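Student: I've got this one open on my screen and I'd like to go through it with you. Can we start with the sheets?

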Amino acid sequence: MKTVKSLAFTYLFTFCVLAWAQGLPPLATELDPKQTALILVDFQYPFTSPAGANHRNVKKELDEKQLLERTVELVKKARALGVWVVHATEGYSGDYRELDATNPGGFHRGQILRQAWKVGSKEQSYYEPLLPGPADKDLFLPPRAQTSAFGGTGLNETLRSRGIKNIAVAGFTTDVCVYATVTTGYDLGYHVYALREAMVGYFSEQSDQMLKNTYPMWSKVIGNAEWLGMVDAGARVAQR
Amino acid sequence: MHRRKVLAGLAAIPLLSSGGVASAEALATVRVDRLSDAWSAAEFEFEAAGDRQPGILVRLPQDRWYASSMLCSHNNCKLMFVRDLAMAQDSFSVKTSTPILGCPCHFSVFDITQGGKVVSGPAPKPPFQLAVRIADEMAYISA
């Protein structure tokens, strides 16, 4: 009888442990602005200007989402809440010496063929309405050759040194550089918020699928207002 | 890089329509007096379905002509006219005996001697094809 009781206890204990082990802590509903950065990826002439080489690839979604206007508003509000705004840009030296033109991946070979994104050129220039004003403390990362905003820019070290835990990511494009930034951010342990209304896809339909099926593995896919609401709530908590 | 070799093939200047039935139907008109050699080419702009887009006119051997949109049918990247056959092989990985249209985004290649037929890459179909009628040193380009 004693053995039966002992076994029953063991089973009950094991069940409780398993049940406890399967539970998860709740996700954050508020974000401390001091621990939060907004990373803007490649808001540059090729995408943002109607004359830009890649504008045609993104125009439809850009217009539908009114992305540029809404991102300017988003950034103003984020700055006002105390979120650190970080601008990541793409750019290469005049003769592309940093690139390996024999790499079978086509991304850099294509940039060289088109003689695109040279640092200091009009084509590499930044979208002016997003430029920080004199009082803004935005961070501009050095031009990068990598897909992820973390690639070769020192972004991770900089964010860590400032105690940033949460990153929101926006920009160009959902299926390429924004995605690379999101997955790298997740791998580095950041809590990543993918701002679906502030990003557009190079391939629009593919990007929609990625936001539905792939992004949630590495981020919380969220609208601008909802994310700002979380930061606003976090700011109120921090003020108490 | 090879950019200069690509641009070297583009010569003529698009002109405004000069009246008449042919020009009234044309999406674009291009002077062809400077396109006397085979594989000489001119870029122009035209409007299709409310969209202003780049086009290309190429003089083929035996007084034939090719004209199409310069936008790739894959995802609208602007195509390159590649006259240098070595460049076509090295940059676009195609062995060809004639110049090609190539897409620098995803490396689709189009055979302009066969109506823009897709030779390689992800493009699903030729670039938007245009008709060419030559009269009085002018090319009248229409859909």
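Student: What makes the strands of chain A an open sheet, and in what order do they come?
Tutor: Keep in mind that this is a predicted model. In chain A, six strands line up as E3-E2-E1-E4-E5-E6, with parallel pairing. Strand E3 (139–140) and strand E6 (220–222) of chain A each have a single partner strand, so one side of each is left without a neighbour, and that puts them at the edges.

Student: How do you know that strand E2 of chain A really pairs with E3(A)?
Tutor: Count the bridges. Pairing asks for at least two bridges, and E2 (residues 84–88) and E3(A) have two, in the parallel sense. So the pair meets the rule. To spot it on your screen, look for Val86(A), which stands opposite Leu139(A) in E3(A).

Student: What makes you say that helix H3 of chain A packs on the sheet?
Tutor: Its contacts. Helix H3 (residues 55–65) of chain A touches strand E4 (166–172) and strand E5 (191–200) of that chain. Touching here means heavy atoms within 4.5 Å. The direction of H3(A) makes about 100° with that of E5(A).

Student: Now chain B. Why are strands E6 and E9 of chain B called edge strands?
Tutor: The order there is E6-E7-E8-E9, an open sheet of four strands with antiparallel pairing. Strand E6 (80–82) and strand E9 (117–120) of chain B have a single partner strand each, so one side of each is without a neighbour in the sheet. From one strand to the next, the twist averages 35°.

Student: How do you know that E7 and E8 of chain B are paired?
Tutor: Same test: at least two bridges are needed. Three bridges join strand E7 (residues 100–102) to strand E8 (residues 109–111) of chain B, and the two run antiparallel. So they pass. Leu101(B) stands opposite Phe110(B) in E8(B). On this sheet packs H3(B), which touches E6, E7 and E8 of chain B and makes about 125° with the direction of E6(B).

Student: Let's go to where the chains meet. Why is Asp51(B) with Arg56(A) called a salt bridge?
Tutor: The cut-off is 4 Å between a side-chain nitrogen of Lys or Arg and a carboxyl oxygen of Asp or Glu. For Asp51(B) and Arg56(A), the closest N and O atoms are 2.6 Å apart. On the side of chain B that touches chain A, strand E4 (51–60) and helix H3 (85–92) of chain B are the elements giving two or more residues.

Student: How many residues does each chain bring to the contact?
Tutor: Chain B gives 20 residues and chain A gives 12 residues. The buried area is about 1,300 Å², with 58% of it from carbon and sulfur atoms.

Student: What makes Phe172(A) and Thr173(A) stand out?
Tutor: Most peptide bonds are trans. The bond joining Phe172(A) and Thr173(A) is cis, with omega about -10°. Thr173(A) sits in the loop between E4 and helix H7 (177–187) of chain A.

Key:
Residues are numbered from 1 along each chain as its sequence is written. Chains are lettered from A and ligands numbered from 1 in the order in which they are written. This is a predicted model: local features need pLDDT of at least 70, side-chain atom pairs count only at pLDDT 80 or more; totals for chains, interfaces and linings use all residues. Side-chain values use heavy atoms; hydrogens and water are left out. Buried area is the accessible area (1.4 Å probe) that two parts lose on being put together, summed over both. Axes are lines fitted to C-alpha atoms, for helices over the stretch in contact, and angles run from 0 to 180 degrees between N-to-C directions.
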